[in-house]
Structures are given as C-alpha cells and as structure tokens.
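Subject: Structure handover

Hello,

Please find the structure below, with the sequence. My notes on what was found in it follow.

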Amino acid sequence: MSQFAHVVVMGGGLAGMLAAEVLSRHVGRVTVVERDVLPDGPGHRRGVPQAHHAHLLWSNGAGLIDELLPGTTGRLIGAGARRIGFQGDQVTLTVRGWQHRFPPTQFAILCTRPLLDWIVRDQVLSSGRVDVRQGAEVAGLCGDRRRVTGVSVRGTDRQTTAIDADLVVDATGRASGLRHWLTGLDVAPPDKDVVDAGIGYATRLYAAPPGAAATFPAVNVCTKHTASEPAQFGVVYPVEDGRWIVTLSCTRGGALPDHEDDFESFARSRLRHPLVADLIGAGEPLTPMFQSRSGANRRLYPERHDGWPEGLVIVGDSLTAFNPVYGHGMSAAARCATALDGALASGGTTRQVQAAIGAAVDDPWILAASKDAGYPNCRVDATDPRLVGEQTEQQMRFADTIIERSLVAPGVCAVVTDVISLSAAQAELGSSRFLALMSRDTPRPHLPGPPLRPEELEIAGLPRYERVPTA
Ligand SMILES: Cc1cc2nc3c(=O)[nH]c(=O)nc-3n(C[C@H](O)[C@H](O)[C@H](O)COP(=O)(O)OP(=O)(O)OC[C@H]3O[C@@H](n4cnc5c(N)ncnc54)[C@H](O)[C@@H]3O)c2cc1C
C-alpha cells in the first residue's frame, strides 16, 4: 500500500489524527477532512461532545501515542495533567468492596479531553506532513462497489466537491455515516455486534480545594448492583488547572440527576459511600451539568465482508465503540493507528490491513462487551460466540472471582491491572500461570472503608470514614 500517493482521513478526532500521523510516514500526501473548525488551543467543539465528560488514558494508549508522537505525555503533564499510578493513586470501591492501594504497576493520564486533543493534534500537525480541510463535511464516498477512489465533501457554502484518494480512512466516530455512504456505492454494510447496557453520563467540573487536585487520589465508587438492579458509578478525577472532573453514570434503569442543583444530593443518595458527594461539596462548581447517552459497545467487522471495496479502511469509534466506563476508546484509537502502521509496512490488501486493525481492538472489545452483557436489561445483538455462547455465565462468575481476589491480593491485582490497562492480553487471565497465582497470592484483610491517608483527608477537608459504613 505504501505506493499510494494520496490518502484522505475522514474525521479529525483522536483516531483520525493518529491515523494521519502514521499514514504520513508511508504515503505521499495525507488530507484530513473535518466537519468542525478546529480550535487553535484546548477548546470544546461540536463534533466531540463526549469531551465534556471524564476521560482516562490508560498506560497502553499513552505509551503507543508516545511511540508515535514522542514527548506527548510529557507535554500533557507539563500542561497540568496528572499521571495516576494504578492502584496506588486511586481509591476505588468496587461491587465487592474497597480496593487496596497496592504499589502502582500501571498508570493512566488524567486531564480534560480538549487539552489532550489539542496536544495530540499539535504534535501531528507540527510536522507539516498532514493537511487539514476544516469546516468540510464528508457527504459520501466516490468510486464503485469494487474500489473507493475518494470522498465527496460539502463545504460551509453547501457546495459539494470531490477529493480523489488512493485510500480513504473512516475516523468519523460513533455517529459515522459509513452505512449510508456504502449504500451509495451499492455495498452492503458490514456485520455489526451491539452490546448496549444503556450507559448514561452526567458531568460537572469543580475547582478543587487548594492543592487537592495535585495530590488527592482519583476516586471511583460504584454501587452494589445485582442481577436485577442497575449499576451506578461516580468518579472524581483530578485534571489540569486545579480542577476535578466529576462524572456520575449508570446502566439502563439507573437514574442520573435531572438538574445540576441535584448533582451533590444525587451522588449522596445513590452511591454506596459519601466520598464522592463529600468531594463535590468540598469543590466549587465551574460548569453546568453535561449529559451523554453514548455508551453502547458497538463493533463492525469489515474484515469479514466478502465484497469489501479496496481502498477503504475503518478505525477508532467508527469501527469499535466501547462503554466509556472502562476508559478504552482512546487507547483503542492508538492501537488502530499502530496496527495500521504495521500493516502498511508489510503491504497487503485493504482487507488484510483491516483484519490487523480488527485484531488490535479485540481485547478492549471483549473486556467491555462481556462485562456489560451481565448488567440487567443489557441489549445484546451479537454473533460473537464469546458473548452469546453457553459458557458466558460461567465466564462472568470467573471474572467476578478474579475481581474479588484482586482487591486484596497484590500479585493478582497487578495482572488484572495489566489487562484492564490493555498492557497485557486478556488471555493472560486464563493462563495456568495466572490460575496458580490466584491460589498462591496471599490476600490482605478486606478494607472496612476508603484507604485515604490523614494528609489526604485533611487537604480535601474530609471526615475520618472508618465509622461510615459502606452500604
Ligand atoms: C461519555 C464518554 C466518555 C468517554 N470516556 C473515555 C475514557 O475515559 N477513556 C477513553 O479512552 N475513551 C473514552 N471515551 C471514548 C473516546 O471519547 C473515543 O474513543 C475517542 O474520542 C476516539 O474517537 P474517534 O476519534 O474515533 O471519534 P470522535 O472523537 O467522535 O471524532 C470523530 C471526528 O469526526 C468528525 N466527523 C464526524 N462526522 C464527520 C463528517 N461527516 N465529515 C467530516 N468530519 C466528521 C467529528 O467532528 C470528529 O472530529 C468516552 C466516550 C464517551 C462517549
């Protein structure tokens, strides 16, 4: 494929920018076509509405982005992002109890999405190898059922023009118009799996008490959901400029606050522990409340499509979108770019390139989709045998046992953290080495309350929680 002269990337979000960076090393010219006018700095825009909500970039994604664009995480930290060590720098209440803060083995970068997107975009565009056509909406694909030869683009003047390309990459996200565009070429849509737990998000930004955003751990509290009760979660993440981003979320049947005035009382009454509500009370609200209902897991399988046209590749959320609670979408976008890089280097057909990208997103897909399939009222419309097979319930029980053990056993926790951060393959959890560790690793006693240190309680003005029961 490296003989290609011009590639068009549809969509200038994270997946599109990372793909463009990789492509610019292999082909003569890369043009990103983006509907929005991109801000010249960290700023919100219409095309990425999820940017108002808490985002966590796992170590796997951060490492891959640094490999593609050296110095990116350093710039993020320099701009105020926090590097949170897992599990040492996060206080977590899981469905099975409080997680010990074992010494970190992995990390995540926490900052606002506008900051992250801006720094990645600046890193990509500063090389001068990628052009961006802004304020330009992809209206369709050019070519025929055998080969895509470009895109048709509508400008702000509503005029439509064609841009020729040897390769077109779809990175237009969850709301991609690909299905419709394929119909225009008389190509049937690819197979699709959907696992939809009905995730809802409600988010506000707060000014943290002085010094707290730089030192207080990240917080993640979830409800004790059962087979019949929906789950509710609350996270407080430190982000740049001394702020906390607070997201409350739920699965289908759970509730979100109706109004920002109810945000704190909602967290107090719905979550299992007052920690999140107390932190909200300790901060100063800076924004209104934003809501999102874009949380379904959805995967396309173009690599299985017998009639897939040459010259068309899909990456990012357009290919595979995840329940955001797991924080896998941005790392998956980085995995798509890295897989694209490898596949371009070794040549091959579009379908072979797409198969390599599909393999790169399989782990985050199965981690998220198999967990969500266990939530009450989750809608599963899938053919993936790992989601609909007879062994599914047994696998879910095993996953619960692993989570329970990882709360108190440091060796088990390290492997589980490697897997959820996408730094180790999900298959590791089924290995004989891991099974032996499960029985060998000496557990610590269960924690009665949140593992917060006296200086942390003090900086956030929190009470000693030992006497507050965890429901
Ligand atoms: C509420 C929420 C919270 C999340 N939290 C996390 C998290 O904690 N960690 C994590 O890793 N991931 C998280 N994600 C996922 C993450 O946001 C995405 O995986 C990530 O943005 C990569 O997406 P993308 O670039 O594929 O698509 P997007 O970010 O959606 O970008 C698509 C781009 O395409 C453009 N576009 C769309 N249509 C057209 C068109 N017709 N023509 C031209 N341009 C077009 C859009 O303007 C946009 O710029 C979350 C998602 C949601 C919804």
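Helix α12 (residues 362-372) lies across β13, β20 and β22 and runs at about 135° to β20. Helices (H or I, at least four residues) and strands (E, at least two) are DSSP runs, numbered from the N terminus. Axes are lines fitted to C-alpha atoms, for helices over the stretch in contact, and angles run from 0 to 180 degrees between N-to-C directions. Contact means heavy atoms within 4.5 Å.

Some notes on how to read the rest. This is a predicted model, in which local features need pLDDT of at least 70 and side-chain atom pairs count only at pLDDT 80 or more, while totals for chains, interfaces and linings use all residues. Residues are numbered from 1 along each chain as its sequence is written, and side-chain values use heavy atoms, with hydrogens and water left out.

The strands under α12 belong to an open sheet of four strands with antiparallel pairing, in the order β22-β20-β13-β23. Its edge strands are β22 and β23 (379-381), each of which pairs on one side only. Two strands pair if DSSP finds at least two bridges between them. Strands of a sheet pair through backbone hydrogen bonds, either parallel or antiparallel.

Strand β13 (residues 191-196) is joined to β20 by five bridges, and Lys192 has Leu300 as its bridge partner in β20. Between β13 and β23 there are three bridges; here Asp196 is partnered by Arg379. On its pairing with strand β22 (residues 320-321), β20 has two bridges, and Arg298 stands opposite Ala321.

How much of β20 (residues 297-301) is covered? Five of its five residues are buried. Buried means under 20% relative accessible area, exposed over 50%, and partly exposed in between (1.4 Å probe, protein chains only). In a regular strand the side chains alternate between the two faces of the sheet. In β20, Asn297, Arg299 and Tyr301 point one way, and Arg298 and Leu300 point the other way.

The parallel sheet

A second topic is an open sheet of five strands with parallel pairing, in the order β8-β2-β1-β12-β21. Strands β8 (130-133) and β21 (312-314) stand at its edges with a single partner strand each, so one side of each has no neighbour in the sheet. From one strand to the next, the twist averages 20°. Three bridges link strand β12 (residues 167-170) to β21 in the parallel sense, and Asp170 has Ile314 as its bridge partner there.

Gln123 lies in helix α4 (residues 113-125) and counts as buried because its relative accessibility is 16%. Its side chain reaches two backbone oxygens, that of Leu69 at 3.4 Å and that of Pro70 at 3.2 Å. Both are polar contacts, meaning a pair of N or O atoms within 3.5 Å; within protein, one must be able to donate a hydrogen and the other to accept it, and residues adjacent in sequence count only if both atoms are side-chain atoms. Leaving out residues up to four places away in sequence, Gln123 touches Leu69, Pro70, Gly71, Thr72 and Arg75.

Pro114 is also placed in α4, and its relative accessibility of 9% is why Pro114 counts as buried. Beyond its neighbours within four places in sequence, Pro114 is in contact with Pro42, Gly43, His44 and Ala51.

Helix α8 (residues 275-282) has six of its eight residues buried, so α8 is largely enclosed by the rest of the structure. The buried residues include Leu275, Val276 and Asp278.

The ligand

Which residues are closest to the ligand? Ligand oxygen atoms come within 2.7 Å of a polar backbone atom of Met330, 3.1 Å of an N or O atom in the side chain of Gln50, and 3.3 Å of a polar backbone atom of Gly327.

Cysteines

How many disulfides does the structure have? A search of the whole structure finds zero, a disulfide being a pair of cysteine sulfur atoms within 2.5 Å. The sulfur of Cys250 is too far for a bond, because the closest cysteine sulfur, in Cys222, is 13 Å away. Cys250 counts as buried, at 0% relative accessibility.

Regards
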